[in-house]
Amino acid sequence: MGNGGRSVLRPGKGDANGVAETPGAASASCQYRCIECNQEAKELYRDYNHGVLKITICVSYQKSCQKPVDKYIEYDPVIILINAILCKAQAYRHILFNTKINIHGKLCMFCLLCEAYLRWWQLQDSSQNPAPDDLIRYAKEWDFYRMFAIASLEQTAFFIGIFTFLWVERPMTAKKKPNLVLLLKALLLSSYGKLLLIPAVIWEHDYTPLCLRLIKAFVLTSNFQAIRVTLNINRKLSLLAILSGLLLESAVVCFFQRMEWDVGSDCAIYKSQDF
């Protein structure tokens with residue numbers, strides 16, 4: 001195996017034949033996926049003592065591609081990240097099915113903080129108030145909390161729109177009941193593009209509105225690929241699911257604007273008419 005895989009592969013316990021299976025393979029059958037054909041696999045690799053490792057070849061009973069189950073287990077994490085940025089389905093399958101990543105909640109919280117900060121920054125930049133300093137700081141603090149709450153509600157509406165569409169179209173999306181928990185984790189992970197919001201603000205220039213639009217398009221593309229890979233459905237249904245989420249999210253935005261709760265909505269990310 002290459003040097004990049006040494007931090008990913010972990011030797012299993014040897015059996016009677018001196019061969020170690022993928023960790024956890026003996027306790028749970030078919031818990032992995034082939035990144036090429038999406039068929040289930042019992043293991044990713046075997047360890048033949050003395051550091052001799054062999055990647056498992058996909059030999060599913062139903063549909064076999066005869067390719068390595070997961071070639072990314074010997075790749076450097078940076079290369080995997082680049083492939084994920086390029087929205088390659090193989091990289092998404094590796095991350096979602098063949099790795100144990102438990103940063104979904106933290107990543108979601110950090111992305112919401114980034115979006116709330118951008119909205120708050122735009123709101124403060126567009127308003128000038130001659131009130132006393134203490135009152136200004138108090139108002140600005142609550143403005144940030146309000147932007148965070150609104151960003152959270154809008155993202156929740158986006159996810160509800162996606163899940164509602166997939167629930168209605170469930171007979172078309174999968175032969176068996178979809179794993180909604182895994183789909184939620186996939187959507188949270190695929191929203192990592194929102195982390196680019198802060199650099200877009202720090203390196204402010206005349207093209208910042210265009211950058212924000214491109215970031216939004218990248219996040220939606222990542223969400224689209226996450227739905228397609230997780231549920232193994234066609235592009236049309238994935239696109240319709242994204243559009244359903246956007247429709248419900250837009251309805252929530254219009255509601256906030258009508259109620260005049262979102263004072264900064266006219267300059268908020270993705271929704272500004274100036275953008």
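Why are R119 and E115 separated by about one helical turn? The two residues are 4 residues apart in helix α3 (residues 104-125), and they are therefore separated by about one turn of that helix.

The structure is a predicted model, in which local features need pLDDT of at least 70 and side-chain atom pairs count only at pLDDT 80 or more, while totals for chains, interfaces and linings use all residues. Residues are numbered from 1 along each chain as its sequence is written, and side-chain values use heavy atoms, with hydrogens and water left out.

The protein chain has 9 helices and 4 strands. Helices (H or I, at least four residues) and strands (E, at least two) are DSSP runs, numbered from the N terminus. From the N terminus on, the order of the elements is β-β-β-β-α-α-α-α-α-α-α-α-α. Of the 275 residues in the protein chain, 43% are buried. A residue is called buried under 20% relative accessible area, exposed over 50%, and partly exposed in between (1.4 Å probe, protein chains only).

Charged side chains were examined next. A salt bridge is a side-chain nitrogen of Lys or Arg within 4 Å of a carboxyl oxygen of Asp or Glu. By this rule the count is 6 salt bridges. One of them joins the side chains of R119 and E115, at 3.0 Å from N to O. Both R119 and E115 are buried. The side chain of E115 also meets that of K194 in a salt bridge, at 3.4 Å from N to O. Because E115 lies in helix α3 and K194 in the loop between α6 (180-189) and α7 (197-202), this pair ties together parts that are 79 residues apart in sequence. E115 counts as buried because its relative accessibility is 3%, and K194 is likewise buried, with a relative accessible area of 9%.

A further salt bridge is formed by E249 and K216, whose closest N and O atoms are 4.0 Å apart. E249 lies in helix α9 (residues 235-259) and K216 in helix α8 (residues 208-231), so the pair ties together parts that are 33 residues apart in sequence. Both E249 and K216 are buried. Salt bridges that share partners join E115, R119, E154 and K194 into one network.

In the loop between α8 and α9 lies N232. Phi of N232 is near 55 degrees, a positive value in a residue other than glycine.

A positive phi, of about 60 degrees, is also found at C87, which is not a glycine. C87 is located in the loop between α1 (77-85) and α2 (89-97). With a relative accessible area of 14%, C87 is buried.

Aromatic side chains form 8 pairs in the structure. Rings of Phe, Tyr and Trp (its six-membered ring) pair if their centres lie within 6.5 Å; planes under 30 degrees apart count as stacked, over 60 as edge-to-face and the rest as tilted. The ring centres of W142 and Y145 are 5.4 Å apart and their planes stand at 85 degrees, so this pair is edge-to-face. Both residues lie in helix α4 (residues 133-168), 3 residues apart, about one turn of the helix. W142 is partly exposed, with a relative accessible area of 47%, and Y145 counts as partly exposed at 41% relative accessibility. Y145 forms another edge-to-face pair with F144, at 6.4 Å centre to centre and 65 degrees between the planes. F144 counts as partly exposed, at 22% relative accessibility. Ring pairs link Y117, W120, W142, F144 and Y145 into a cluster.

Charges placed over rings complete the description. A charge sits over a ring if NZ of Lys or CZ of Arg is within 6 Å of the ring centre and within 35 degrees of the ring normal. The charged end of K216 sits over the ring of F158, 5.9 Å from its centre. K71 lies over the face of Y72, at 5.6 Å from the ring centre.
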